[in-house]
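Please read the points below alongside the coordinates.

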Amino acid sequence: MDQNAGSFIAVRRLSGAGAVHHHRHHSSPAEVVGVSTAWIGRGLSCVCAQRRDSDARLSFDLTAIQEECWHRLQNRIEVQYDSSNLDHQKALKALWRASFPGTELLGLVSDQWKEMGWQGKDPSTDFRGGGFISLENLLYFSKNFSKSFQELLCKKNGDRALWEYPFAVAGVNITFMLIQMLDLQAAKPKSLIGAVFLNLLKENDRAFDILYCITFKLMDQKWLDMHASYMDFNSVIKSTRRQLERELLLEDIQRIEDMPSYRFLAR
């Protein structure tokens, strides 16, 4: 995973109707503004490196089934986005269609991508922090929980900040955070959180994708509750991670769908 810091775009909401730079699907006019800060990659790696009581190191052997599930997910996270790969191109186009149905995409490199919250006209440059799985996560979210996906993409709910988080780049960062939180780059889980998740993954091979959707929705709710603006993103991610860890450690969590925050997702 590339943990280098970069710049990102913030979305500034406008009260006037004269300067509309975003797609008509947004609930109010907005413009895309370039901002330089450190919450992409490096900012999140700092968050994820913090030790918590729930991070107590574990030592145990994986069963054959657990090992297979773990390695299958690891194989997914090792795939980097390749702009020359036709399957990757198709996935990116599918994400556009799911995000803005009925609106023609002019090209894989286009200013239109900024409407989704990518940093520039070429979204492939933003996948370095999360790999191809971060695109898969967004696509899974758009197809399986389309109502929640559109609400977050278009910032439909709540009293939004003047400077909003960029949707797509936030999604890549969420993938990155979950990989760190769950020890997915280790040979086996090193923490109780990772071990609990492995059992959920054994029950549902899409547990990571579903957890991603839960996390995105929870992050947006934290954003609203904290009255956050773009400079508060790290604080929101920290709060989101703490909530996820608490929920994963509940005794009655047998399936990923048992997490309390799952109920906030809408299809």
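1. Helix α6 (residues 167–181) has 15 residues and spans 21 Å from its first C-alpha to its last, close to the 21 Å expected at 1.5 Å a residue, where the expected span is 1.5 Å times one less than the number of residues. Helices here are DSSP runs (H or I, at least four residues), numbered from the N terminus, as are strands (E, at least two). This is a predicted model, in which local features need pLDDT of at least 70 and side-chain atom pairs count only at pLDDT 80 or more, while totals for chains, interfaces and linings use all residues. Residues are numbered from 1 along each chain as its sequence is written, and side-chain values use heavy atoms, with hydrogens and water left out.

2. Of the 15 residues of α6, 14 are buried, so the helix is largely enclosed by the rest of the structure; buried means under 20% relative accessible area, exposed over 50%, and partly exposed in between (1.4 Å probe, protein chains only). Just after α6, Asp183 adopts a positive phi of about 60°.

3. α6 packs against helix α8 (residues 207–225) at an angle of about 125°, with the axes 10 Å apart; axes are lines fitted to C-alpha atoms, for helices over the stretch in contact, and angles run from 0 to 180 degrees between N-to-C directions. That makes α6 oblique to α8, given that angles under 35 degrees count as roughly parallel, over 145 as roughly antiparallel, 65 to 115 as roughly perpendicular and the rest as oblique.

4. In the contact of α6 with α8 (heavy atoms within 4.5 Å), the residues of α6 include Phe167, Ile174 and Leu178, and those of α8 include Phe208, Tyr212 and Met219. The residues of this contact divide into 11 nonpolar, three polar and no charged, where Ala, Val, Leu, Ile, Met, Phe, Trp, Tyr, Cys and Pro count as nonpolar, Asp, Glu, Lys and Arg as charged, and the others, Gly among them, as polar.

5. Helix α7 (residues 192–203) also packs on α8, at an angle of about 115° and with the axes 9 Å apart. Phe197, Leu200 and Leu201 in α7 meet Ala207, Phe208 and Leu211 in α8, and the residues of this contact divide into six nonpolar, no polar and no charged. What covers the buried residues of α7 includes α2 (64–77), α6, α8 and α9.

6. Met231, in the loop between α8 and α9 (233–248), is exposed, with a relative accessible area of 55%.
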